[in-house]
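The structure is shown first.

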Amino acid sequence: MKRRSLPLIVCVATLTAVPVTIAEPIAEDLIAYRKAVMSSIGAHIGAISSMIRRKVDYDHLDTQAKALDLSVSMIADVFPANSSEGQTDALPGVWENPEDFQSKIAATSEASGAFVAAVEGGDAGDIGRSF
């Protein structure tokens, strides 16, 4: 056996000997992640607003619009049933009336997609109306 392969053998043996456990996420972790996703949506909206209102002179509108749309696409995933308890600001209606909540998510997703299309189209009037 070559001396160079010994570290590889030791590494593989060590990794296979250590049991891997995948823990079920706890409500607090799910809530913290949800808050981060929702905060990112708010941050993108704030940045977009600053550009549209010409408070800043950056040309990141396309990037911010796409990032907003990607963040919005996560909303449905970040409200699992086991995250309704704990330090959450989510309204009870999220879990009490999930059909209504899902329709609001769909409308939000449609609006963010339309905003991306408006930005890509480049017409300032369409961008403002879509935003």
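1. The face of α3 turned away from its buried side carries two exposed residues, Thr 63 and Leu 70. Here exposed means over 50% relative accessible area, buried under 20%, and partly exposed in between, with a 1.4 Å probe and protein chains only. Helices are DSSP runs of H or I with at least four residues, numbered from the N terminus.

2. The model is predicted: local features need pLDDT of at least 70 and side-chain atom pairs count only at pLDDT 80 or more, while totals for chains, interfaces and linings use all residues. Residues are numbered from 1 along each chain as its sequence is written, and side-chain values use heavy atoms, with hydrogens and water left out.

3. The buried residues of α3 are Leu 61, Gln 64, Ala 65, Ala 67, Leu 68, Ser 71 and Val 72. Seen down the axis of α3, these buried residues fall within an arc of 165°, so they line one face of the helix. The arc is that of the directions from the helix axis to the C-beta atoms. The buried residues of α3 pack against α2, α5 and α6, where contact means heavy atoms within 4.5 Å.

4. Ser 71 belongs to helix α3, which covers residues 61-72. Ser 71 is buried, with a relative accessible area of 6%. Leaving aside residues up to four places away in sequence, Ser 71 touches Val 37, Ser 40, Ile 41 and His 44.

5. The largest pocket holds about 310 Å³ of space. Its lining has 13 residues, and the closest to its centre are Met 51, Ile 52, Arg 54, Leu 61 and Ile 127. A pocket is an open set of points on a 1 Å grid over the protein atoms alone, where a 1.4 Å probe fits, with protein on both sides within 12 Å along at least five of seven lines; lining residues have an atom within 4 Å of a point. Grid points are joined across faces, edges and corners, and the volume is the space filled by probe spheres set on the points.

6. What does the lining of the largest pocket consist of, by residue class? The residues divide into 8 nonpolar, 2 polar and 3 charged. Ala, Val, Leu, Ile, Met, Phe, Trp, Tyr, Cys and Pro count as nonpolar, Asp, Glu, Lys and Arg as charged, and the others, Gly among them, as polar. Helix α6 gives the most to this lining, with 3 residues.
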